[in-house]
Amino acid sequence: MPPAAPLTDGDSPVRLYTYDSVTQWVWGAAVTLSVALTRTLEEKPRARLLLSGGSTPEPVYTALAKAPLDWSLVDVALVDERWLMPDDPDSNARLVRQTLLQRNAAGARFEAITRAGRPLAEAVATANMHARSPADVVVLGMGEDGHTASLFPGMRDLGAALASPHPYVAVDASGCRGAGPWPTRISLTPAGLASAHTRMLLIRGQRKRELLDRVLAGDDPFEYPARIAFTTPGAPLHVHWCP
Ligand SMILES: O=C1O[C@H](COP(=O)(O)O)[C@@H](O)[C@H](O)[C@H]1O
């Protein structure tokens, strides 16, 4: 099924695609990602795909796993990770393994950020080393507090993360409700997002639709860090939403 037509015009830094049903949203987003990866592989020997975690993207990743790509040429990495081992049920690595890295996509190369016995600083350094290959396609999410990746409003080191020249940083989101029981995290930064030629934001539900309107009404990332998705110079942001 082809993606729904964007609601915003072609010059806007944000293109909004709305779907009537979850099924349409899943397939619209999955087809868009599959096309973006196919086009990348027409231009480059390998494609680099960065994926968010959380609860929203699961069915899209499951659908994308069926895409008829040469997945052995796709490097899959994470937008962010909680300071949990990659087999922890609450880790973003586990989500990606159980949903995307199946079926046709089982042959993709996956880089988890955390590994048993590896300290936080080393995990960040390794993520930054992998990120020397710039991201091509990035899938972002947005929490109900307006966070994206692991950049939370009110987070004490948010300024440093936003200004970092490095693609990944360690963050301490203690006291940020949206971080749940996992305050220590590793996050993509605007510097890490900038290279991607395809940026997608996957959101569902009326609350996030209303939040999106507030996010799009300004440009201060300290209020809503999700604004980096469209204020970071580079590619336009494709927002895929359904009720
Ligand atoms: O904690 C996280 O939350 C966001 C949003 O997740 P959702 O459950 O509201 O969809 C996610 O994008 C991020 O990768 C994750 O670490």
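W71 is in contact (heavy atoms within 4.5 Å) with L37, L49, L64, A65, L100, N104, A105, G107, A108 and R109, leaving aside its neighbours within four places in sequence. The model is predicted: local features need pLDDT of at least 70, side-chain atom pairs count only at pLDDT 80 or more, and totals for chains, interfaces and linings use all residues. Residues are numbered from 1 along each chain as its sequence is written, and side-chain values use heavy atoms, without hydrogens and water.

W71 also belongs to the largest nonpolar core, which has 80 residues. Such a core is a set of buried Ala, Val, Leu, Ile, Met, Phe, Trp, Tyr and Cys residues joined through side-chain atoms within 4.5 Å. Buried means under 20% relative accessible area, exposed over 50%, partly exposed in between (1.4 Å probe, protein chains only). L49, W71, V76, V96, L100 and V138 touch the most other core members. Helix α1 (residues 22-43) gives the largest share of this core, seven residues.

Next, the strands. Helices (H or I, at least four residues) and strands (E, at least two) are DSSP runs, numbered from the N terminus. Two strands pair if DSSP finds at least two bridges between them.

| Strand pair | Bridges | Opposite residues |
|---|---|---|
| β2 (47-51) and β6 | three | L49 and V137 |
| β6 (137-140) and β9 | four | V137 and T198; L140 and L201 |

Helix α4 (residues 120-130) buries A123, V124, T126, A127 and N128. Strands β7 (168-172) and β8 (184-188) are among the elements that cover them.

R82 sits in strand β4 (residues 80-82). R82 is buried yet has no salt bridge. A salt bridge is a side-chain nitrogen of Lys or Arg within 4 Å of a carboxyl oxygen of Asp or Glu. The nearest side chain of opposite charge, D90, is 4.9 Å away. The backbone oxygen of D90, however, lies 2.9 Å from a polar side-chain atom of R82. Not counting residues up to four places away in sequence, R82 touches G54, D90, N92, T114, W182, T184 and R185.

Technical notes: Lys, Arg positive; Asp, Glu negative; His and termini not counted. Polar contact = N/O pair within 3.5 Å; in protein donor to acceptor, adjacent residues only side chain to side chain.
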